[in-house]
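Me: Hi! I'm new to this one, could you walk me through it?
Reply: Happy to, let's have a look together.

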Amino acid sequence: NGAHYNPKMNGERTHIGPRGVPPISICVKDMDDNTLLTFGALNDHSAREEILKRHIMDTDFCSYETACDMFNTIAARNMKGYYMVTLPYKIGISSAIFAGVVAFPLVFHLPTIEWFNEWAVTCDIPEARELETPLEVSIWAWNWMEPPLGTISFALLCSQYARSQMNNLGVRPYTRWIKSRRGHALAEAFPMYDEKILAAYSETADLQDWQIKWLEKRRNRK
């Protein structure tokens, strides 16, 4: 299977509990090959990382520490050059946060509402006694805020429903295309290792290198 564990390289094999059932808190490093492959088949990323490390040991006939160094090189290459392809996700996150924040002053804050009304709406301004509280202000602002907010909310609801049905079918077109392309690129960069193991590792890896940056900062502190 390309992920054999050589106990001579890293001490004796650890027993993982009664009848081979691992405790929930067990580290993947202490799992035997069969358990590790089972977790890997269930798309557990930590298990696939460990499978790749053991595959490196088996291929290069090296120690576990040396395999970890090579794994870090592979992990860094796996994340290289993916800033632009993840840009749609980042734009979506930023837009959602921005829209959620500005919605409140556009509905309840009188100076903001007056500025927006003058700039984009040009609606008649009620008398001062009808704008004494934020709730009264919101009644006025809701005349033009309800159509876009209602339409956007319905569009998001439809999009969320469509996404849930796509998940039921196992369809993730853009994300799957990115990860498939990344897996092929990783296999081409490291042809000495098994293509399927590299692709499996790349498939479950995040598209953003938060973990690698955290490890680098931790290493620099030492």
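**Aromatic residues, cores and loops**

Reply: Let's start with Trp140, which is buried, with a relative accessible area of 4%. Buried means under 20% relative accessible area, exposed over 50%, and partly exposed in between (1.4 Å probe, protein chains only).

Me: Which aromatic pair does Trp140 form?
Reply: Trp140 and Trp144 form an edge-to-face pair, 5.2 Å centre to centre with 85 degrees between the planes. Rings of Phe, Tyr and Trp (its six-membered ring) pair if their centres lie within 6.5 Å; planes under 30 degrees apart count as stacked, over 60 as edge-to-face and the rest as tilted. Trp144 is buried as well, at 12%.

Me: Where are Trp140 and Trp144?
Reply: They lie in helix α6 (residues 134–168), four residues apart, so about one helical turn separates them. Helices (H or I, at least four residues) are DSSP runs, numbered from the N terminus.

Me: Before we go on, what kind of model is this?
Reply: This is a predicted model, where local features need pLDDT of at least 70, side-chain atom pairs count only at pLDDT 80 or more, and totals for chains, interfaces and linings use all residues. Residues are numbered from 1 along each chain as its sequence is written, and side-chain values use heavy atoms, with hydrogens and water left out.

Me: What is the mean pLDDT of the chain?
Reply: The mean is 80, and 82% of the residues reach 70 or more. pLDDT is the predictor's confidence in each residue, from 0 to 100. Over residues 1–25 the pLDDT is below 50. Where pLDDT is low, the predicted coordinates should not be read in detail.

Me: OK, back to the rings. How many aromatic pairs are there?
Reply: The count comes to five. One of them is Phe71 with Tyr201, edge-to-face at 5.4 Å centre to centre and 70 degrees between the planes. Phe71 is in helix α3 and Tyr201 in helix α8, so this pair ties together parts that are 130 residues apart in sequence.

Me: Are those two buried or exposed?
Reply: Phe71 is buried at 6%, and Tyr201 is buried at 3%. Phe71 also has the charged end of Lys53 over its ring, 4.9 Å from the centre. That label needs NZ of Lys or CZ of Arg within 6 Å of the ring centre and within 35 degrees of the ring normal.

Me: What about the largest nonpolar core?
Reply: That core has 22 residues, and Leu52, Ile56, Ile74, Leu198 and Tyr201 touch the most other members. A nonpolar core is a set of buried Ala, Val, Leu, Ile, Met, Phe, Trp, Tyr and Cys residues joined through side-chain atoms within 4.5 Å.

Me: Which helix gives the most to this core?
Reply: α3 does, with six residues. There is also a second, separate core of ten residues, which includes Leu131 and Trp144.

Me: New topic: how many disulfides?
Reply: A search of the whole structure finds zero. For Cys62, the nearest cysteine sulfur, that of Cys68, is 9.1 Å away, while a disulfide is a pair of cysteine sulfur atoms within 2.5 Å.

Me: Last one: what is phi of Thr122 near?
Reply: Near 60 degrees, a positive value in a residue other than glycine. Thr122 is found in the loop between α5 (110–121) and α6, and counts as exposed at 62%.

Note on methods:
Helix = DSSP H or I, 4+ residues; strand = E, 2+ residues; numbered from the N terminus. Contact = heavy atoms within 4.5 Å.
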